[in-house]
Amino acid sequence: MLKLYNAPHSTCSQKVRICLHEKRLPFEDIRLDLGKGKDQLKPEYLKLNPNGVVPTLVDDSDVIVDSSVICEYLDEKYPSPKLTPDDAARRAQMRAWMRYFEEVPTVAVRVPSFNMGFLPRFAGLSEEQFQAEQSDIRPVRKHFYRRMGTKGFKRADVEAALEQIDSTCARMEKALDNGPWLMGDQYTIADIVVTPSIDRMNDLGYGNIWDEKYP
């Protein structure tokens, strides 16, 4: 049985769950408490994933980390239905989309997400307490948390994030002229990778970005 260490609200976890369900693969759904419990930072989890983030996939004795890498792994090992183009050039195009989504909207969506969803958890903490109890204990997110601090990201950071989401939608809109999917007729991992970011922006009340400009 596949085991997926994940969190319901984590956009990266959502990518892998979409992929698993598309392939109708049964898996043990191991939910981590990323907030008060800090399960992702406990020694037993860090042995599996030293980055201290979710998700992590365990397939027998193999441990796979990074959501997009997990999706590609699943498509290689469990190839039905196939979520990657057969043609090498089209596979490269799909991966270019994936890298863009990882570097732009996946990162951008964290700014309004943390401001609106996670900041209340830190109310009342001094900066020293925040660094000791929240930011500096994180292997790969230390500086992200420090940028946020106890007061949240600055308005300029939020505006920049929304601009990046807008740019993502503009680029997708052009590609979807040849749709219905980013790679044309084939639904691929690229579609999976971007879906949670768009869904999160909609949850945060920013669906007007595409409602008004990119139908």
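This is a short tour of the structure above, stop by stop, for you to follow in your viewer.

**Before you start**

The model is predicted, so local features are described only where pLDDT is at least 70 and side-chain atom pairs only at pLDDT 80 or more, while totals for chains, interfaces and linings use all residues. Residues are numbered from 1 along each chain as its sequence is written, and side-chain values use heavy atoms, leaving out hydrogens and water.

**Stop 1: the sheet**

You are looking at an open sheet of four strands in the order S2-S1-S3-S4, with mixed pairing. Two strands pair if DSSP finds at least two bridges between them. Strands of a sheet pair through backbone hydrogen bonds, either parallel or antiparallel.

Which strands stand at the edges? They are S2 and S4; each has a single partner strand, so one side of each lacks a neighbour in the sheet. From one strand to the next, the twist averages 20°. Angles run from 0 to 180 degrees between N-to-C directions, and axes are lines fitted to C-alpha atoms, for helices over the stretch in contact.

Now go through the pairs:

- S1 (residues 2-6) and S2 run parallel and are joined by five bridges. Click on Asn 6 to find its bridge partner in S2, Arg 31.
- S1 and S3 are antiparallel, with three bridges. Here Leu 4 has Leu 57 of S3 as its bridge partner.
- S3 and S4 are also antiparallel, with four bridges. Leu 57 stands opposite Ile 64 in S4.

**Stop 2: the helices on the sheet**

Contact means heavy atoms within 4.5 Å.

**Stop 3: Val 58**

Zoom in on Val 58, which sits in strand S3. Is Val 58 buried or exposed? Its relative accessibility is 11%, so Val 58 counts as buried. With a 1.4 Å probe and protein chains only, buried means under 20% relative accessible area, exposed means over 50%, and partly exposed lies in between.

Leaving aside residues up to four places away in sequence, Val 58 touches Met 1, Leu 2, Lys 3, Tyr 5, Leu 48 and Val 63. Tyr 5 is 53 residues from Val 58 in sequence, yet their C-alpha atoms are 8.2 Å apart.

In a regular strand the side chains alternate between the two faces of the sheet. Look along S3 to see this: Thr 56 and Val 58 point one way, Leu 57 and Asp 59 point the other way, and all are buried.

**Stop 4: the hairpin and some backbone angles**

S3 and S4 form a hairpin with two residues between them, and Asp 60 in the turn has a positive phi of about 55°. Asp 60 is exposed, with a relative accessible area of 62%. Most residues other than glycine have a negative phi, and most peptide bonds are trans.

Next, select Lys 38, in the loop between strand S2 (27-31) and H2. Lys 38 is not a glycine, but its phi is positive, about 50°.

For cis peptide bonds, go to Val 54 and Pro 55, which are joined by one with omega about 5°. Pro 55 lies in the loop between helix H2 (43-48) and strand S3 (56-59). Another cis bond joins Gly 179 and Pro 180, with omega about 25°. Find Pro 180 in the loop between helix H9 (155-175) and helix H10 (189-203).

**Stop 5: the largest pocket**

End at the largest pocket, with a volume of about 460 Å³. Of its 25 lining residues, Leu 34, Phe 114, Phe 118, Arg 141 and Tyr 145 are the closest to its centre. On a 1 Å grid over the protein atoms alone, a pocket is an open set of points where a 1.4 Å probe fits, with protein on both sides within 12 Å along at least five of seven lines; lining residues have an atom within 4 Å of a point. Grid points are joined across faces, edges and corners, and a volume is the space filled by probe spheres set on the points.

Which element gives the largest share of the lining? Helix H6 does, with four residues.
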